[in-house]
Amino acid sequence: MQERGLSNKEAEVQLLKYGKNEISEKQKVSVFQIFLRQIRKNFILYLLLSAVIISFIVGKSITAYTILAVIVLVIIAGFIQEYKAEKAIAALKMLVMPVSRVLRDGKEHEVLSINIVPDDIIILRTGEKIPADCFLVEEKDLYVNESILTGESAEVKKVLPKTQDNLKDENILFMGSFIVNGRCLAKAIHTGMNTKFGKIAGLISTAEKELPLQKKINKITTYMVFIALSVSLLTGLFMIFTAPTLDKEFLVNVLILTLALAVSAFPEGFPVVIITTLASGVYAMAKKNAIVNRMSIIETLGETTVICSDKTGTLTEGEMTVKKILIDHKIIEVTGGGYEAHGEFMLDNKPIDIKNNYQLSLLLKAAVLCNDSQIERTGEDEEYKIMGNPTEASLLILAAKARLFKENFNFKREEEIPFSSERKLMAVLCSDKTGSHVYTKGALEVLLSKCSYIQNNNKTFTLTNKEKSRILNINKELTSQSYRVLALAYKKSSSNNKNDLEKDLIFLGAVAIEDPPRPEVKASIRLCLNAGIKVKMITGDSKETAIAIGRQIGLSGKVLEGSEIDAITDEELPKIVDSIIIFARVKPEHKLRIVKALKQNGEIVTMTGDGVNDAPALKEAHIGIAMGKNGTDVSRSVADLTLKDDNFATIVAAIKEGRTIFNNVRKFVTYQLSCNFAELSLLFIGVLIAPLLGWQIPILLALQILFMNIVTDNLPAIALGFNKSSEDIMRDGPRKKSSILSKNLLSVLIFTGSLMTLLVLGSFYISYNVFNEDIVTSRTIALVSLIFIEIANAFNFRSFRKGVLTRSPLVNKPLFYLSLISIIATLTIIYTPLNTIFEVVPLSLNQWALPITLSLFVIVLYDLIKIMLIKTRKIDLNL
């Protein structure tokens, strides 16, 4: 079972289908459950319900019904946000859909794993996840990891059943386990929730783990609850102690105001809005081909200091083409490119007649038979679709140019030794009418050491050391030109003993495979280096090939080979690992050591991998990245991020998006808390200075505070989570600490909250003490001033570097439209009969001047502060 990316439309279709057929009732998004969660976990609802009950008891029915309406709005708003977030998260899981290869009607097909049905014959190879419970029909050296079911990490040997009527565990492959070695054909017997894995999954709680980011938000929320309740209580007590007379109505008003103030200062929307912001950001990453498997990596993405990237398919195109063949002391040029079977074999600029060239025909036969991949016509001329490994597919395309296909050879594969990254070889024993032959392919220097003979001019000769040196020199020349070289050998065999398959082989020749760098990679690497992120290439290819590719993509520096890593101790490796740019001829165990060494040096490591044995390194890295197109299910199962296009540029885009998401969270939190700070301090300070200035208290009434909390606090704050990435977000170094509220942001929070408090108190003073407006008009002006200043600050918080007046208000469209809704809602309660409920009055044109002037003043002030801070470099350029 592999995975492929779906379009967004396909994902929606599959989400519906998958949800109906494969997901238990416990896993579905339940509207009723979300409503219950909103009521159960929303602390402010209980405070508001208390206010409703008190209002009804004392006969304030209008106030009671208004607060009741607020409760309904809070529940509905929370429900909509959480429901959309859960739907987005569920849809994300569908963006990389597992696919399997099955035999139907005698032909091999690639189908979505959820569409497998009992009796399907499934083709499984090393690294693939088993998509259904099935029994073996055919197997070669099959070992399975069943730890997901048993908890035991030991590999389990699987064998063919003696009869299909008496199946044992050793004959059955269980859904969810992995093939760690070998290949097989298996017949499906159970799928979905009817499998052993499905039955266990049905018993497991589907509760999501709490995100580290969410823990930090919850910690901030806890502090705010304490501060909000304390200040609200102090405000209420001070009103009581300073009141000239106490009556029942006054005490009730104080109690309701205290509850309303606590509600307004309590950031109840934080957890849901955080998940919504993360889900929308992660969905944006998915559109850029980066599928986030664990949301907790969002923080770590912005802290990445080193990217360790595979070469093949990630830094390079991955669409491999054989361009040269080394055979019989000659270099044959092969024309054509990609996965089209158009091309000719040229020697000295003249076409070769392959039918009359025995050695070339034999090499092509070895390339086809020692091969586990498939190619299939797409219906467009000679273009083919590959199923399997791109390197192997390039050999099949090479043979197809000579009109040689697997179907041309009537053979039976008797035995095989599968390819592994440790051995760097693959061998098969095939029998046909001419007898039994071993065909082998692999890394040239490795395969050459297994060869005792060489095929030249249709004859076999002893392979001398001098001849080996000559071949190795040609290999060095080809790899220095960035070709990937693969050698092929064969021999006639009379033994089925696997231990004898790779002995005394006859060297046939080698193919030089072109895998050019991706065009966008060079710019992406430059972007990383500018952002303080080091890039290291890790490849199983030769040193010369790695250096040649590195030169083309802008990576140059010290090179270390796998054999050299073996000679270095774990204590010595961290001392030199930072200076190494390219690691060549690397094995999976080397990757793990490299990651550990980098982490020991304090680096935040992102590592890519695609093979079965890459899983430990991916798990060890801070961020493990698996390949969606050519990776194995094992690597994807432990990875934090999956690339649908296997492209290095997508990693950089994911880091950029991760930085943006985290920055938006910080802006949203800072803005929301500054508003809460202003509202608390406004009411508290207002009560303290009211006796000195002859004010009636409170400055704002309970319903006005609740209105402002819903309409102007939450709406603009939510919109800040949708800020687009700034163009220069990758120009600064990685974030060193992932705290949401840094010292700088805490200073911004306190300054902004204090400024809003001062300006609103000033507006109340000017209207009440200077212009001698009545208390209701003064409260209305103070309310509108606070609403407008908060909206102005939301635009200020779009960026801490770029001004508001020099940018379009539509840079963040959700913010613009939600701010417009806030303004319309404010006008509605002022100029409609609702004004009697909220105890506000219509304002004249002159009276509007003060709120508008103050909000514009805030914008101009912040624009000037930004200019000053940028000039003095006293600003976080990541924001």
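The legends below describe close-up views of a predicted model.

In this predicted model, local features need pLDDT of at least 70 and side-chain atom pairs count only at pLDDT 80 or more, whereas totals for chains, interfaces and linings use all residues. Residues are numbered from 1 along each chain as its sequence is written, and side-chain values use heavy atoms, with hydrogens and water left out.

View 1. Among the contacts (heavy atoms within 4.5 Å) with a separation of 6 or more, 71% join residues 24 or more positions apart.

**View 2. An open sheet of eight strands with mixed pairing.** The strand order is E9-E29-E28-E27-E10-E24-E26-E25, where two strands pair if DSSP finds at least two bridges between them. Strand E9 (290-292) and strand E25 (558-561) form the edges, each pairing on one side only. Neighbouring strands are turned by 20 degrees against each other on average, direction ignored; axes here are lines fitted to C-alpha atoms, for helices over the stretch in contact, and angles run from 0 to 180 degrees between N-to-C directions. E25 and strand E26 (residues 580-584) pair in the parallel sense over four bridges, and Lys558 has Ile580 of E26 as its bridge partner. Helix H16 (residues 543-553) packs on the sheet, where it touches strand E24 (534-538), E25 and E26, and its direction makes about 140 degrees with that of E26. Helix H19 (residues 588-600) also packs on the sheet, touching strand E10 (306-310), E24, E26 and strand E27 (605-609), at about 170 degrees to the direction of E27.

**View 3. Helix H16 and its contact with helix H14.** Thr545, Ala546, Ala548, Ile549, Gly550 and Ile553 of H16 are buried, and their cover includes helix H14 (465-480), strand E22 (483-492), helix H15 (521-530), E24 and E26. Gly554, which follows H16, has a positive phi near 90 degrees. The axes of H14 and H16 come within 7 Å and cross at roughly 20 degrees, so the two helices are roughly parallel to each other, a label given to angles under 35 degrees, while those over 145 count as roughly antiparallel, 65 to 115 as roughly perpendicular and the rest as oblique. Lys476, Thr479 and Ser480 of H14 make the contact with Glu544, Thr545, Ala548 and Arg551 of H16.

**View 4. Helices H24 and H28 packed at an angle of about 150 degrees.** The axes of helix H24 (residues 743-770) and helix H28 (residues 845-872) are 11 Å apart, and the angle makes H24 roughly antiparallel to H28. Phe751, Thr752, Leu755, Leu759, Ser763 and Ile766 in H24 meet Leu850, Leu854, Phe857, Val858, Leu861, Tyr862 and Ile865 in H28.

**View 5. Ser822 in helix H26 (residues 813-831).** Ser822 is buried, with a relative accessible area of 0%. Not counting residues up to four places away in sequence, Ser822 touches Val711, Thr712, Leu715, Pro716 and Ile791.

How values were computed
Buried < 20%, exposed > 50% of the residue type's maximum accessible area, 1.4 Å probe, protein only.
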